[in-house]
Amino acid sequence: MLLTELLVDPAGRSGAANMAIDAGLLAEAARTGRAFLRLYRFDPPCLSLGRNEAAAHYDRAAIAQRGLDVVRRPTGGRAVWHEHEVTYAVAAPIATFGGLRAAYHAIHTRLAAALRSLGADATLAPHQPPPSGRVDQPASCFATPVGGEVLVAGRKLVGSAQVRKRSAFLQHGSILLDGSQEIVRVVSRQASAVSGETTLSGVLRRHVSFHEVADAIVAAWGDEVTSHNLAFASGAARRRVKS
């Protein structure tokens with residue numbers, strides 16, 4: 001069993017800083033074979049775009065008028081508004097899970113177990129074929145489940161994306177505590193950007209804190225988790241920025 005180094009960062013960082021840290025953890029996993037689980041927040045709130053999303057699909061004037069922090073993720077997928085959430089990242093050798101698809105399923109299985117421990121009836125979405133029509137239309141990451149995502153009552157509670165670097169991978173995503181993805185629709189140039197998310201506070205009908213969810217996730221990882229190591233996270237970000 002490969003031990004997983006735990007990094008909990010509840011204070012919040014900018015979109016650029018958070019993506020630099022995640023990319024640094026991926027590089028470290030590829031270089032050394034280590035595995036990481038990071039739990040964090042965004043401050044200020046941030047709009048993140050997938051690695052291959054066309055920026056032209058979003059209204060730069062509307063984004064600037066609202067003073068939104070914007071960052072491009074190293075992973076694929078569609079836009080996400082990061083505000084009231086726990087953001088997770090797993091960086092590890094692909095062999096740890098046996099493959100990228102297996103890793104996606106295994107990580108979401110653990111996240112679903114953590115959410116069930118808090119009282120949410122979390123399940124994994126069955127596989128579905130990609131939606132018909134244009135695939136390049138802007139939409140929230142939470143718009144439509146296509147298989148393996150964490151759902152409650154048929155609506156996405158967790159949105160995730162992956163990227164591979166040599167023999168390692170990064171998977172990160174948002175666990176929505178409250179709020180909505182409405183800002184994605186507001187700044188999109190096309191009316192097709194709809195969302196189908198739910199939030200943990202909405203499901204449980206009570207306030208849910210970052211620390212409550214983080215503790216549940218760490219418990220779901222069990223004995224694989226070894227330590228808190230915020231100093232390494234900051235170092236990984238600095239190395240990423242310099243590279």
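Arg 166 lies in the loop between strand 9 and strand 10, where helices (H or I, at least four residues) and strands (E, at least two) are DSSP runs numbered from the N terminus. The phi of Arg 166 is positive, near 50 degrees, in a residue other than glycine. With a relative accessibility of 54%, Arg 166 counts as exposed; buried means under 20% relative accessible area, exposed over 50%, and partly exposed in between, for a 1.4 Å probe and protein chains only. The model is a predicted one, in which local features need pLDDT of at least 70 and side-chain atom pairs count only at pLDDT 80 or more, while totals for chains, interfaces and linings use all residues. Residues are numbered from 1 along each chain as its sequence is written, and side-chain values use heavy atoms, with hydrogens and water left out.

A positive phi is also found at Arg 205, about 60 degrees, although Arg 205 is not a glycine. Arg 205 is placed in the loop between helix 5 (200–204) and helix 6 (210–221), and is exposed, with a relative accessible area of 77%. A further backbone feature is the cis peptide bond that joins Asp 43 and Pro 44, with omega about 5 degrees. Pro 44 belongs to the loop between strand 2 (35–42) and strand 3 (46–49).

The protein chain as a whole contains seven helices and eleven strands. Of its 243 residues, 52% count as buried. Among contacts (heavy atoms within 4.5 Å) with a separation of 6 or more, 77% are accounted for by residues 24 or more positions apart.

Helix 1 (residues 15–32) consists of 18 residues and reaches 26 Å from its first C-alpha to its last, close to the 26 Å expected at 1.5 Å a residue; the expected span is 1.5 Å times one less than the number of residues. Because 13 of its 18 residues are buried, helix 1 is largely enclosed by the rest of the structure. Gly 33 follows helix 1 and has a positive phi, near 80 degrees.

The interior was examined through its nonpolar cores, each a set of buried Ala, Val, Leu, Ile, Met, Phe, Trp, Tyr and Cys residues joined through side-chain atoms within 4.5 Å. The largest core has 38 residues, of which Leu 115, Ile 175, Leu 200, Val 213 and Ile 217 touch the most other members. Apart from this core lies another, of 17 residues, including Leu 7, Met 19, Ala 29 and Val 163. Beyond residues up to four places away in sequence, Ile 175 touches His 84, Glu 85, Val 86, Tyr 88, Leu 111, Leu 115, Leu 157, Val 158, Val 213 and Ile 217.

Two individual residues illustrate contacts within the fold. Ile 107 is found in helix 3 (residues 100–117) and is buried, with a relative accessible area of 0%. When neighbours within four places in sequence are left aside, Ile 107 is in contact with Tyr 88, Val 90, Phe 97, Phe 169, Gln 171 and Trp 221. Ile 107 and Trp 221 are 114 residues apart along the chain, and their C-alpha atoms are separated by 9.2 Å. Thr 4, in strand 1 (residues 4–13), counts as buried at 6% relative accessibility. Trp 221 is also among the residues touched by Thr 4, together with Ala 35, Phe 36, Leu 37, Glu 224, Val 225, Thr 226 and Ser 227, again not counting residues up to four places away in sequence.

Grid points are joined across faces, edges and corners, and a volume is the space filled by probe spheres set on the points. The count comes to two cavities of 30 Å³ or more. The largest cavity has a volume of about 90 Å³ and is lined by 13 residues, of which Arg 73, His 82, His 172, Gly 173 and Ser 174 lie nearest its centre. Strand 5 (80–82), strand 9 (155–165) and strand 10 (168–176) are the elements that give two or more residues to this lining. The second largest cavity holds about 30 Å³ of space, and its lining comprises Trp 81, Glu 83, His 84, Glu 85, Leu 176, Asp 178, Gly 179, Ser 180 and Gln 181.

Notes
On a 1 Å grid over the protein atoms alone, a cavity is a set of points where a 1.4 Å probe fits but cannot get out, and a pocket is an open set with protein on both sides within 12 Å along at least five of seven lines; lining residues have an atom within 4 Å of a point.
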